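User: I am new to this structure and would like to learn how to read it. Please take me through it step by step.

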Amino acid sequence: TKTNPKITEIIGNLKEKSYHEDVKIWKDIAKRLERSTRRYAEVNLSKINRHSSPDETIIVPGKILGSGELDHKVNVVALSFSKKAEEKIDAAGGKCLGISEILDENPKGNKIRIIE
């Protein structure tokens, strides 16, 4: 059982949104967040840069790290961001969003790519 109430609330919101909107991506993200925190994704900006196109929305069920460069505008959704990663994403013209924020902005989960 998760001891962090914030994570538990996010998982519950993801499952609820998945059920009400009939969207499988939110249930997938919830399952990934139910894993042990040791198995959460830690993704560097260089990987996001390689596997994304401009103006795309990327979701990472874990943390974004600041290693590497980002040369195009990308909206990145994650549980947490390193300070350097936030600065680089903002400098490239992208946005850093929390998982709860994307549920409100894009409830159907359209045009979102999961990267781990």
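Analyst: Start with how strands are joined: two strands pair if DSSP finds at least two bridges between them. This is a predicted model. Here strand S1 (residues 41-44) and S2 run parallel, joined by 4 bridges.

User: Which element makes a β-α-β unit with S1 and S2?

Analyst: Helix H3 (residues 45-50) does, and the unit is right-handed.

User: Which other strands does S2 pair with?

Analyst: S2 and strand S3 (residues 74-81) are parallel and share 7 bridges. Glu56 has Val74 in S3 as its bridge partner. Strand S5 (residues 112-114) is also parallel to S2, with 3 bridges between them. There, Ile58 stands opposite Arg113 of S5.

User: Why is S2 described as largely enclosed by the rest of the structure?

Analyst: Buried means under 20% relative accessible area. Strand S2 (residues 56-65) has 10 residues and 8 of them are buried, so the rest of the structure largely encloses this strand.

User: How do I read a helix, and which residues of helix H2 are buried?

Analyst: An α-helix has 3.6 residues a turn, so residues three or four places apart point the same way. In helix H2 (residues 24-34), Ile25, Trp26, Ile29, Ala30 and Leu33 are the buried residues. They lie on the same side of H2, because their arc around the axis is only 140 degrees. The exposed residues Lys24 and Lys31 are on the face turned away from that buried side.

User: What do the buried residues of H2 pack against?

Analyst: They pack against helix H1 (5-21), S2, S3, helix H5 (99-105) and S5.

User: How many residues are in the largest nonpolar core?

Analyst: In soluble globular proteins, nonpolar side chains tend to be buried together. The largest nonpolar core here has 19 residues, and Leu14, Trp26, Ile29, Leu33, Leu79 and Ile99 have the most contacts inside it. H1, H2, S3 and H5 are the elements that give two or more residues to this core. H2 gives the most, with 5 residues. Apart from this core lies another, of 15 residues, including Ile58, Val76, Phe81 and Ile115.

User: What does Trp26 touch?

Analyst: Leaving aside residues up to four places away in sequence, the residues that Trp26 touches include Leu14, Ile59, Ile102, Leu103, Pro107 and Ile112.

User: Is Pro5 buried or exposed?

Analyst: Pro5, which lies in helix H1, is exposed, with a relative accessible area of 62%.

How values were computed
Residues numbered from 1 in each chain as written. Predicted model: local features only at pLDDT ≥ 70, side-chain atom pairs only at ≥ 80, totals over all residues. Heavy atoms only, no water. Buried < 20%, exposed > 50% of the residue type's maximum accessible area, 1.4 Å probe, protein only. Right-handed = clockwise from strand over helix to strand, strands pointing away. Arc of directions from axis to C-beta. Contact = heavy atoms within 4.5 Å. Core = buried A, V, L, I, M, F, W, Y, C linked by side-chain atoms within 4.5 Å.
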